[in-house]
Amino acid sequence: MRPLIVIPTYNERRNLAVLAPKVLGIVPGASLLVVDDASPDGTAALVRSLSRRHRGRVHLLSRPAKLGLGTAYVAGFRWALDHGYDPVIQMDADGSHDPAALPGFLSALRGADAVVGSRYLAGLRVINWPWHRLLLSLLANRYARFVTGVPLTDLTGGFNGWRARILRRIGLGRIRANGYAFQIELKFRCRRAGGRIAEVPIVFSGRVEGESKLSRSVVFEAVWAVWRMRLPGA
């Protein structure tokens with residue numbers, strides 16, 4: 001295995017300064033790719049500094065503007081495939097995903113095409129989150145399961161891992177969702193492609209620093225995107 005952790009960023013310098021050393025320490029054989037959307041807070045400069053300190057393990061993919069979560073991950077996945085990494089793990093930069101779960105992800109990926117870090121497997125594992133966000137997440141997951149028929153407990157979560165073979169089989173160019181619906185679409189397409197998906201329980205904690213990037217437009221996209229996925233030829 002040659003794992004790569006992909007983290008999209010926009011104004012996450014303070015959070016990333018704490019997260020990156022933890023990731024590199026917990027998984028010594030892994031590398032880190034930060035996909036930064038022209039953050040004005042100096043995120044890219046921090047990544048360059050980390051890259052000099054951890055040569056060959058920290059990489060920066062700079063984009064010219066804020067282009068969306070889905071396209072950031074697709075760009076990161078393509079970079080990973082082009083550079084021979086396998087598996088590829090996606091996680092948030094805001095401190096909500098605990099790097100301590102990474103070894104369990106890698107273990108699960110030895111026998112599966114994908115692994116989903118679930119906040120709701122074997123009980124509720126969410127802390128430091130407003131009740132309205134938790135309720136929205138629970139309802140969104142139930143709605144997505146009903147529409148897509150994908151029997152996972154956490155379709156909307158963003159802490160997931162993928163083998164290179166399933167990313168190639170899915171066809172990254174076919175993914176259309178760009179907000180949080182991207183998380184649903186990727187799992188939907190993985191299952192449609194015959195991928196074996198494992199779920200592992202994780203503890204999810206609310207954002208440490210900065211502001212949430214969830215907006216109404218992102219929620220509305222997710223509402224109709226799950227129906228579009230089911231259309232013939234989609």
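Visitor: Which is Asp 98: buried, partly exposed or exposed?

Guide: This is a predicted model: local features need pLDDT of at least 70, side-chain atom pairs count only at pLDDT 80 or more, and totals for chains, interfaces and linings use all residues. Residues are numbered from 1 along each chain as its sequence is written, and side-chain values use heavy atoms, with hydrogens and water left out. Buried means under 20% relative accessible area, exposed means over 50%, and partly exposed lies in between (1.4 Å probe, protein chains only). Asp 98 has 40% relative accessibility, so Asp 98 is partly exposed.

Visitor: Where does Asp 98 sit?

Guide: Helices (H or I, at least four residues) and strands (E, at least two) are DSSP runs, numbered from the N terminus. Asp 98 has its place in the loop between β4 (88–90) and α4 (102–108).

Visitor: Which are α3 and α7 to each other: parallel, perpendicular or oblique?

Guide: Helix α3 (residues 69–82) packs on helix α7 (residues 181–192) at about 45°, with the axes 8 Å apart. Axes are lines fitted to C-alpha atoms, for helices over the stretch in contact, and angles run from 0 to 180 degrees between N-to-C directions. Angles under 35 degrees count as roughly parallel, over 145 as roughly antiparallel, 65 to 115 as roughly perpendicular and the rest as oblique. The two helices are therefore oblique.

Visitor: Which residues of α7 make the contact with α3?

Guide: Contact means heavy atoms within 4.5 Å. From α3 come Leu 69, Gly 70, Tyr 73, Val 74 and Phe 77. The α7 side supplies Phe 182, Gln 183 and Leu 186.

Visitor: How many residues of the contact of α3 with α7 are nonpolar?

Guide: Ala, Val, Leu, Ile, Met, Phe, Trp, Tyr, Cys and Pro count as nonpolar, Asp, Glu, Lys and Arg as charged, and the others, Gly among them, as polar. In this contact two residues are polar and no residue is charged. The nonpolar ones number six.

Visitor: With which side chain does Gln 183 make a polar contact?

Guide: Gln 183 is buried, with a relative accessible area of 2%. A polar contact is a pair of N or O atoms within 3.5 Å; within protein, one must be able to donate a hydrogen and the other to accept it, and residues adjacent in sequence count only if both atoms are side-chain atoms. At 3.0 Å, the side-chain partner of Gln 183 is Gln 90.

Visitor: Which residue does a cis peptide bond join to Asp 86?

Guide: Omega of this bond is about 5°. The partner of Asp 86 is Pro 87.

Visitor: What is phi of Asn 128?

Guide: Asn 128 lies in the loop between β6 (126–127) and α5 (131–148). Asn 128 is exposed, at 58% relative accessible area. Its phi is positive, in a residue other than glycine, and near 55°.
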